[in-house]
Amino acid sequence: MTHGFPRPKQPWQLSRRRFVQGLAAGGVLAATPSWLQAAAKGATALDSAPVLSGREIDLVIAETPVNFTGVTRMATTINGSIPAPTLRLREGDDVTIRVTNRLPVATSIHWHGILLPYQMDGVPGISYPGISPGETFVYRFTLRQSGTYWYHSHSGFQEMTGMYGALIIEPRAGERHRADQDYVVQLSDWTDEDPMRAFSKLKVQSDVYNFNQPTFFDFTADVSKLGLQAALEKRQMWNQMRMNPTDLADLSAATLTFLMNGTTPAGNWSGLFQRGDRVRLRFINAASNSFYDVRIPGLKLTVIQADGQDVEPVTVDEFRFGPGETYDVMVEPQDDAYTIFAQSMERSGYARGTLAVQQGLIAPVPEPDPPEWLTMKDMMGAMGGGAMGHDMMKMDSMGQTKMDHSQMSGGMAMDHSMHGMQQGSENPLAKPSSTIRHARTEYGASVDQRVDTPSTNLDDPGIGLRNLSQRGLRPQGHRVLTLADLKSIDGVLDDRRPPARELELHLTGNMERYSWSFDGLEFGKSTPVSLRHNERVRIILQNDTMMTHPMHLHGMWSELETDQGELRVRRHTIPVQPAQRISYLTTPHDLGRWAWHCHLLFHMDAGMFREVVVS
Amino acid sequence: MRLNTVKYLTTLVVIVGALQVNTALAQMDHGDMQMQGGSAPADARDPHAYSDGYTLTEGPYAQPGPRQLKLADEHAFWSVLGDRLEYQEDSDSTVYDIQAWYGTTYNRFVIKAEGDIADGTLEESSTELLWGHALNAYFDTQFGVRLDLYDEGKDRQWLAIGMQGLAPYWFELDVTAYVGDDGRTALSAEAEYELLLTQRLILQPRAELNLYGKDDLDNRLGSGLSDLALGLRLRYEFSRQFSPYIGVEWTDTYGDTADYRRAAGQDTSGTQFVAGLRFWF
């Protein structure tokens, strides 16, 4: 392990390359005490987290020095490793997990996506009081599901400083897909800054980490390329509304080092295979604030599982996922080496690793794509698609419908009556309502924009991933996974009841003040969403912001449906794109209080967080 | 640099800005859609409609005792911005212009301090202590007091009411009205714009003007538009928080203020180079 310079440095003092690429041998400095690894099996790949399995697990949370960039920092670790140990458990087992807190402050562990009694869910202040310093909390629950999940701290910013690990539950009936190699590929991000300091900087200047802002010379370049009129038009709405078209992420490589299995890009995590192997890659986005766009140049990715639930296999070339989401992917490598390339959504950097037939082989590493400006569609939804003439997105069918409404009425009052009449035929809740109902608290200082013509299609890969082949960034026929490609194999139709009622909530924010909320109410001003035990209920989420929010509902599944009310896929974390309106059904089987929040850690902490009461 | 050049350059920036606003207003007509601001219609959705009367601390399965989970929306933050800490060549003086705040997203205690130091003496200073409350998504209203200190002249105290925030097209605005002793009134307005030449090289036009309700003989300020300052500063952000700059500032005085200066044998207008530091933490 490399011991770097003990003296803290500002990011700009560091060599740019080392900061972005990280140290080749970066990571946890202290050797993990052997007693902690007593139950650990040998890791399947170099640099991977240790594996713990069985019905009884012991986890110890402590501060551990790490060095990812050349400076030594204190991380919060579980059993001394980053990522935390991979837990390999078995469906149907009753597990006992003892978590001991050796930090000077309280801590917690949340089992992300796991159905369990609410007291075991690990959210301080909602499930339980948390785990005090010196205390051991015993989690006991029965594993009622299988698949790829993860676990992390739900206290402050501890997750961001190292507390995350993979949780694999083997199905009782055996795996649906045979694999010769099985790797966890856990993506995360690391900052040398105190996360609270980074957050408070955003509070002062919300674009502090954005070094891809529109400049005067971008403008003059556009003038010579598009003409003055077009160059002005391209900027007009953004500038008028005080919105930044390059606001793709709050943090960037200006403070983050992107990690794959706790390894820097320079460190190059590697997973080995033999030619002809079927390799299962369990991708987990354990980042605090980074969406990743993942591809393995030269390999098709067959997605077989999303958020731990088997889906009808779909073969793609690339997928995007946000913090909290997981995708299991099968690949069949034929060459000697491939790069696993995961560029961050704002394109400031990437996490990277290698699949190879032997240690030490590498494949070419692509450059990150040039960042793409948000479009009118990302600001206004369906109406921004074509009517404004500002981008090339083709109008989808529902977008067209929405358009018609707004052209017809131009106001919401008309919309109400129209929808009332149209949907009056059979079950009024057969389809999600398309009547936009802003909360009255969306008209205050907490909300910087509202969307009146949201898009409802699920087949938009999202900003930066649209028209990649046409833009010359990928080969012809390059396919990017969208939510529309995902269909659960089992489970999603277990409850065939139509929803008995419909809730609508809007995702809101104010970028300038750096505040995030549901319906314009940050957590402290909110009241819980009350659900009845075992009711079938529809939740509509409309994103009135220009960022994508991975929305994670604890304690129950989020069963995504189309805008026609067709059930598609069972998730625990659903990314909602800018100006998008999506809906999902849920049946709360477990009583108690549960958290519901954006899994971008800073958005959650800023207040995009609700409590759900099931009673 | 010639005075006229600065004048024209700054005027150009202002005109381009104004034209942009005009174009915008013309093009903003997307039917009745209003994406920002406004007031809630009577039938707007109740954000507590799904709560069944439960709160974060009351109702089934609530944790006992006072609410434990508090997120950043209930935390106080603070910041200090040294917008201008500069040496002015012509007057051989040092100017400071610092703002600090402490508070939450919507309610903040604000200090604004500006002053002029020459020959080691604080020649004049103006310090405001304000309570800021969010008016809308982009603007805060501010109430408080302002204290003006003069090395030569008479100190003044004012009650202040103002508005500070970000206007469409990214103009930083700060407009405050003041009421003082003996029926004195004043208005000051400040506008700044940041033009990113590159990600780190930033050109900042800045305009500031002061109006007074009646003559202040002691401090040689005339009623009406008293003075106007237009500046253009070019800074390099070594980090977002630390940027040295150079610039040029043109100032002019009007009406009785100009007369007082003429009588005292001082210039009524001038152009000078400045060099300084912008920082925040």
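## Exercises on a two-chain predicted model

The contact takes 64 residues from chain A and 59 residues from chain B, where two residues are in contact if their C-beta atoms, placed from the backbone, lie within 7 Å. This is a predicted model, in which local features need pLDDT of at least 70, side-chain atom pairs count only at pLDDT 80 or more, and totals for chains, interfaces and linings use all residues. Residues are numbered from 1 along each chain as its sequence is written, and chains are lettered from A in the order in which they are written.

**Exercise 1.** Characterise the side of chain A that touches chain B.

*Solution.* Step 1: elements that each supply at least two residues include α2 (195-204), α3 (216-226) and β22 (501-510) of chain A. Helices (H or I, at least four residues) and strands (E, at least two) are DSSP runs, numbered from the N terminus. Step 2: α4(A) gives the largest share, five residues. Step 3: by class, this side has 26 nonpolar, 23 polar and 15 charged residues. Ala, Val, Leu, Ile, Met, Phe, Trp, Tyr, Cys and Pro count as nonpolar, Asp, Glu, Lys and Arg as charged, and the others, Gly among them, as polar.

**Exercise 2.** Describe how domain 1 and domain 2 of chain A are placed.

*Solution.* Step 1: the domain assignment, automatic or from a database, gives domain 1 (13-177) and domain 2 (431-614) of chain A. Step 2: their C-alpha centres lie 27 Å apart. Step 3: eleven residues of domain 1 of chain A are in contact with eleven residues of domain 2 of chain A. Step 4: on the domain 1 side, seven are nonpolar, two polar and two charged.
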